[in-house]
There are 2 protein chains.
Amino acid sequence: MRAVGMAARSASRYIAAASTGQRNAALLAIRDALAADREAIAGANAQDLATAQAAGLSSDLCDRLALTPARIDAMMMGLEAVALLPDPVGEITGLSARPSGIRVGQMRVPLGVIGIIYESRPNVTVDAAALCLKSGNACILRGGSESLRSNMAIAACVKSGLAEAGLPETAVQVVDTADRAAVGCLVRMAEFVDVIVPRGGKGLIERISDEARVPVIRHLDGICHVYVDDGADLDVAEAIALNAKTHRYGTCNTMETLLVAEAVAAELLPRLGRAYADAGVDLRGCTRSLTWLPDAAPATEADWETEYLAPVLSIRAVRDMQAAIDHIHRYGSGHTDAIVTRDHGRAMRFLREVDSSSVMINASTRFADGFEYGLGAEIGISTDKLHARGPVGLLGLTSQKYVVFGDGQVRL
Amino acid sequence: MRAVGMAARSASRYIAAASTGQRNAALLAIRDALAADREAIAGANAQDLATAQAAGLSSDLCDRLALTPARIDAMMMGLEAVALLPDPVGEITGLSARPSGIRVGQMRVPLGVIGIIYESRPNVTVDAAALCLKSGNACILRGGSESLRSNMAIAACVKSGLAEAGLPETAVQVVDTADRAAVGCLVRMAEFVDVIVPRGGKGLIERISDEARVPVIRHLDGICHVYVDDGADLDVAEAIALNAKTHRYGTCNTMETLLVAEAVAAELLPRLGRAYADAGVDLRGCTRSLTWLPDAAPATEADWETEYLAPVLSIRAVRDMQAAIDHIHRYGSGHTDAIVTRDHGRAMRFLREVDSSSVMINASTRFADGFEYGLGAEIGISTDKLHARGPVGLLGLTSQKYVVFGDGQVRL
């Protein structure tokens, strides 16, 4: 792994210095290579799938592993879409003159070498490589062991695309071993790797965060809340509460706890109870909310801390917005929280005081997403507070250095 | 320490929600409290100094420990200056409409709880508290054990200022024990502390980085370079090379290695050799440069990797700018590097390709400083790549969360 790290560090200089046109040409050349090799990729994936099925991998995980023709198309379209995004690298902002005569500004630059660790979803190999390349970074990609053959077939296309664009093939390296020790090594090579992005379940991310000596961009949980305020438009509240829970159950921006101001609980909860019953959502309510939710089970303390990722919802009646904010700070995960309200003052206070990576007024938590936010692409969602919060797109893979323009100034 | 952490987390909600006026009022109230208590502070400091001198602390360290009347004045003026800076918190940028109808932007918010660990320089207690308060953060301050009495006297003023402004006294907590285990605990309390800023020597920073489970903003070394390009104005080159080395020897933005294009070495190096000799700077030259520097000692490999922090300079003649960039990437510390050149293309390429927190054209490395850059104040200089690079002012103690304004939108 140290050889991989050294090669990545060395390639990162070239890729950072490459022109926008050259990096875009590489993205399109990779797309063409995927088109030319799609049979070989599908064949390698079929082998991976057969092995995984024989080993008894769950149908859910096999579904993620499968590179269907539609998924291969999506990988190719993703490369095109990333090539079309504006280049974040090299932008100079804030350039202004100082009393000393120097002019000082900030230039956006790649981070350097990015290590991405993910599960057996081979399409991530292309998506991650595309974002890193576009943002001028070298990367080391380590997918789940079940997808090794698929990833190596994709890696061959990435290499040929890089070579065609005149960029070093080591700008994107796919780790070619299923050995778990490789991950432990990758996340500790601080001299060669600038940031680690783990993508996957909570277990994977916690393990990596514990081991890492390199900074990590990550999110652990998505315990998202919707708070329905006193005086809210209840049609809006019902639509948002239903969408935030039922649009998709397995996503990190799905609502897991609904907080309702007591003043509207008597009117709203019976309506929502029927709607959730129709959608097949199991409810767990606080003692007070059970008054209006006859079919709900009593919620326990553990419910407030649980990311169900399933058709289950906890509901709590709260006295007012302050109680809702207190609940969110105590039990939330800092991912995405929304208020439904008509009151301007409370809306703005909620926006300011809730300390989550996305805070919303009168919108479904399901909007917390790089594409919905207009980032063009997304490498993940960060619930950390340093560097990038919320959906992380190309900008999150860059930082800003200071640049100084002088004409001979010295300090007095 | 866990009680301290819990109190800080709780106070961080109040301080983040406090108005700009309230936070500024606290800064000015702390200034007034310092003015009222300056005798008590000077007395506590005299005790610290007496103990330190009796224990044989070096005169350099005793100098840093001393709160002279001028230094107490400077602390008070610092509080005023920070109160006058614009409030970074709450700014919303980039708010724009998306096809779904939501409007998405980013709001600047405090990081939360900042832990600052520093040596026995009690004026840092006030400077650090001021920056954290202004940026809406709670903080836990842990100064060197020799300054404990001084710090506690200052802490009393900070508390009374906070109370007078109606803010929780636990928004700034000064750790009141000299026990080293407190630091180990502080840097691991990820649930209560959002970022650690170590200020001090390399040993302190390395120890803290190794132990920390909380993200760290830091810089390890300042091995800064000036490269004098082929065709540079040699008067400008001489002035900058002299200033970057001799303006101050002990600062992290002082040049430690001078790189000179071979084409100008024969003319520039004898001039510089005389100037450095006049300034009392010892030179260590590469074999080639020794031709023009008869009094210099031969440089060893170790010289290129050394932050002298002293009147010592290593000098290397290089073939061209590419060789200079290669040297900087191999031996530099990513702090500050400058080029002296008349060539526009090479100037812009150096600016782009040198991967340091500050990169300069025709200016002395000594300008890498929060005040010189117009940040108003500085908590340190970061050579990390995530989050903040270069001088870290108020903005570096904040981050941006996403905010979404809707009027009932749900995802389709």
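This is a predicted model: local features need pLDDT of at least 70, side-chain atom pairs count only at pLDDT 80 or more; totals for chains, interfaces and linings use all residues.
Residues are numbered from 1 along each chain as its sequence is written, chains are lettered from A and ligands numbered from 1 in written order, and side-chain values use heavy atoms, without hydrogens and water.

Next I looked up the strand partners. Strand 7 (residues 224-228) of chain A pairs with strand 8 of chain A in the parallel sense, over five bridges; pairing takes at least two DSSP bridges.

Is strand 8 of chain A mostly covered or mostly open? I found seven of its seven residues (255-261) buried, meaning under 20% relative accessible area with a 1.4 Å probe, protein chains only. Over chain A, buried residues make up 57% of the 412.

Then I stepped back to the whole chain. I counted 15 helices and 16 strands in chain A. Its radius of gyration is 24 Å, close to the 22 Å of the globule rule for 412 residues, so chain A is as compact as a globular protein of that length. That radius is over C-alpha atoms, and the rule is 2.2 Å times the number of residues to the power 0.38. The C-alpha trace of chain A spans about 70 × 70 × 35 Å along its principal axes.

Technical notes. Helices (H or I, at least four residues) and strands (E, at least two) are DSSP runs, numbered from the N terminus. Buried means under 20% relative accessible area, exposed over 50%, partly exposed in between (1.4 Å probe, protein chains only).
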